[in-house]
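Let's take a walk through this model together, one region at a time. Have the sequence and the 3D view ready.

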Amino acid sequence: MTKQPRLWRLDAAARTLLLLAPDSDAIPEIIWFGATLPADIDAAAVASMQDLPLPMAKLDSTVPLHLLPQHSQGLDCTPALRGHRNGADFAHRFVLQQIEPQQQTIRIHCIADAAALAFTIELHLHEQSGVLSIATTLQNTGTTPYTVDWLASASIPLPEHHAECLYLTGRWGLEFQQQRQSITTGRLLLENNRGRTSHELYPGVITGTQGFSEQSGDVIAAQLAWSGSHKTIVEQLGDGRLALQSGLSLDPGELIIAPGESFTTPVLHVARGTGMNDTSQAMHHYARTQILPAWTRQQRPIHANSWEALYFDHDIDKLKALIDASAELGAERFVLDDGWFPARRSDTAGLGDWWVDNSVYPEGLHPIVEHTRAAGMQFGLWFEPEMVNPNSELYRQHPEWVLQLNTLDTPLARNQLVLNMELPAVQTYLFEKIAALIEEYKVDYIKWDFNRDLVLAGDGQRSRMHRQPTGSYALMQRLNERFSQLEIESCSSGGARADWGVLAHTGRVWTSDSIDAIDRVAIQRGYSLFNPPEIMGAHVGHELAHLTGRSIDLHTRAIVALQGQLGFEIDARHLSTDEQHQLQHYVSLYKQHRDWISDSTTWRLDVRHEPMTQSGLVSANKEKSLWFAVATRSIAATAPGKLLPAGLEPHRHYRVKLVSNNAAHFMHHAKHVPAWLNEEISLSGEVLMQLGIRLPVMTAHSALLIDISCT
Ligand code: GLA
């Protein structure tokens with residue numbers, strides 16, 4: 001029988017996805033995902049060119065690395081599905097049933113008759129951003145329950161010339177740290193079992209050619225839209241082919257599909273480009289248009305958050321003074337953080353009792369809310385809905401609402417336990433309590449926290465880990481539907497829940513509990529690999545950073561905070577007049593630029609001197625841009641070299657201006673500073689991008705901000 005190779009394709013503005021099935025009934029494989037390919041591609045010629053060699057001493061037939069790698073193929077790659085029926089049916093042979101091509105989507109249906117399973121893979125190529133999104137549905141068509149141990153959201157081949165892999169690790173107070181590893185024979189397992197997205201491992205990975213960087217190299221970035229335990233595998237097969245899989249990380253017996261039921265995985269989003277900037281820009285575009293709530297397109301207000309100013313000291317007079325002082329700086333939204341509900345004088349009690357502590361607030365929150373509004377600000381309130389302290393009314397009444405296992409004690413974390421978000425009673429309780437407060441105080445914004453990892457997250461017997469995120473999403477969605485103006489921020493002891501699963505319901509990330517501007521440089525840079533700047537909560541903190549004890553200059557703190565959605569987490573009551581004026585200057589810069597920043601293109605620049613970090617934001621029409629340079633420690637050379645802007649319009653003329661108010665600092669630390677610091681110059685985009693801008697001597701922890709805008 002002659003083979004009849006078939007091709008399917010999806011095209012976006014600048015990307016093509018090409019699927020090849022070597023025969024008409026074969027499951028297709030991704031043969032290309034990258035720059036746009038010509039229209040008329042001959043399937044037989046491509047199949048011939050991609051035909052696999054067959055080495056001696058191996059299987060007697062070649063094994064394609066198609067979209068559903070299986071145990072039964074004899075492939076040395078992780079199968080897309082691992083599961084069984086009480087030990088039986090652990091191996092299956094899926095065959096192609098149908099391919100449904102639509103405009104931007106291809107749906108591939110496969111069945112394994114003997115195992116009574118059906119598998120559907122949906123691939124969608126977003127027209128404008130070129131982001132490829134893949135999800136999988138597994139259906140149990142049998143008569144007995146089917147236990148899933150691993151079900152990949154997507155299994156995709158990686159380009160075989162990709163040699164390195166980059167992912168984001170970290171800890172509390174130091175999230176989104178970039179880590180690189182070579183791809184060699186074997187399996188690189190990036191797994192997080194903490195039941196939340198985690199500080200330790202963001203559910204995203206980037207692979208690329210040797211030494212790929214921000215601005216060079218062939219790069220693929222992939223991220224899983226999921227806020228729970230996750231697993232990504234990058235592997236090199238014995239024959240040199242590379243594969244990537246990503247999906248939920250499951251506890252044993254956690255996912256059992258009942259007869260006739262099906263389970264759909266979270267979506268894996270993939271971008272391809274030249275340099276990491278390219279894939280980040282695609283991800284940012286996709287997030288803005290496809291993931292984030294519509295309100296993130298509106299002007300992003302400046303926050304003032306009470307946490308590091310007062311912690312649990314909810315004294316009404318102090319709060320009022322803080323509100324006044326914050327308004328004076330230019331804040332537009334005051335957020336009353338943790339400590340306003342009963343017994344919450346420390347983190348040992350109160351979570352779950354979502355009503356106002358009358359012993360602290362005899363008239364409820366009204367005096368604070370009214371004071372906030374009178375000062376011209378919106379009002380935001382902190383919640384940690386999924387959590388409960390054993391020392392709370394809620395726990396005393398409903399100990400059965402927490403996630404736990406009957407036979408083992410659950411270790412506390414920050415003195416708290418986790419509610420089982422799958423229970424309708426829990427959903428109703430939280431919805432009613434939160435909605436009542438939103439209604440009473442016309443709350444504009446919720447800082448939605450999630451401050452512990454999940455351990456022994458069961459319903460008494462079985463793990464319910466993967467049900468938690470969907471329970472949280474459902475509650476958020478219900479609140480969003482009920483209060484269309486409400487804005488929700490995702491916080492999880494800082495940035496431990498900043499994935500696209502939760503960002504479909506929230507539109508601001510509290511990037512880190514560390515407001516140390518120097519540590520923030522790497523934190524924010526890592527964050528920006530996958531997420532856009534306008535939803536990145538970035539506050540000006542105290543001179544002495546609370547988490548690190550490092551003392552940092554005001555300009556540096558403000559410049560780093562201007563990379564995201566600006567806010568203050570500072571005791572504004574005790575600022576000098578000079579500090580106030582300086583901060584007001586940065587507030588006015590933020591107000592001047594924030595509208596175009598919401599749509600801007602992010603450029604992280606490659607620089608030779610490592611402690612020097614440079615980045616920029618360029619408006620969509622390329623008329624405006626802001627460029628940041630920060631010396632995160634002392635630079636070995638006497639001067640930091642140049643900043644070479646990117647993404648400008650080559651033939652347009654731009655004015656270059658130092659807009660951070662700190663020229664004096666640079667003049668103090670050198671005999672001479674580059675002349676442009678004290679005079680306005682105008683040059684074409686081309687000349688600026690090629691020749692670059694020479695920077696002044698920059699001492700450790702100094703930063704500067706340059707405005708390059710069309711004349
Ligand atoms: C977490 C958050 C902080 C703050 C505290 C309050 O740590 O990340 O910003 O809200 O909780 O307890």
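## Ground rules and the sheet at the start

Two strands count as paired if DSSP finds at least two bridges between them. Strands (E, at least two residues) and helices (H or I, at least four residues) are DSSP runs, numbered from the N terminus. This is a predicted model, where local features need pLDDT of at least 70 and side-chain atom pairs count only at pLDDT 80 or more, while totals for chains, interfaces and linings use all residues. Residues are numbered from 1 along each chain as its sequence is written, and side-chain values use heavy atoms, with hydrogens and water left out.

With that in hand, look at the open sheet of 3 strands, which has the order 1-2-3 and antiparallel pairing. Strand 1 (6-11) and strand 3 (29-35) are its edge strands, each pairing on one side only. From one strand to the next, the twist averages 15°. Strand 1 and strand 2 (residues 15-21) share 6 bridges, and Trp 8 has Leu 19 in strand 2 as its bridge partner. Helix 1 (residues 43-50) lies across strand 1, strand 2 and strand 3, at about 80° to strand 2. Contact here means heavy atoms within 4.5 Å; axes are lines fitted to C-alpha atoms, for helices over the stretch in contact, and angles run from 0 to 180 degrees between N-to-C directions.

## Cavities and a pocket

On a 1 Å grid over the protein atoms alone, a cavity is a set of points where a 1.4 Å probe fits but cannot get out; a pocket is an open set with protein on both sides within 12 Å along at least five of seven lines, and lining residues have an atom within 4 Å of a point. Grid points are joined across faces, edges and corners, and a volume is the space filled by probe spheres set on the points. How many cavities of 30 Å³ or more are there? The count is 8.

The largest cavity has a volume of about 190 Å³. It is lined by 19 residues, with Gln 524, Arg 525, Ser 528, Gln 563 and Ser 615 closest to its centre. Strand 33 gives the most to this lining, with 5 residues. The second largest pocket holds about 620 Å³, and its lining takes at least two residues each from strand 11 (174-182), helix 9 (517-527) and strand 33 (612-618).

## A link across the sequence

A salt bridge is a side-chain nitrogen of Lys or Arg within 4 Å of a carboxyl oxygen of Asp or Glu. The whole structure has 37 salt bridges. One of them joins Asp 453 and Arg 194, with the closest N and O atoms 3.3 Å apart. Asp 453 sits in the loop between strand 26 (445-448) and strand 27 (459-460) and Arg 194 in the loop between strand 12 (186-192) and strand 13 (201-208), so the pair ties together parts 259 residues apart in sequence.
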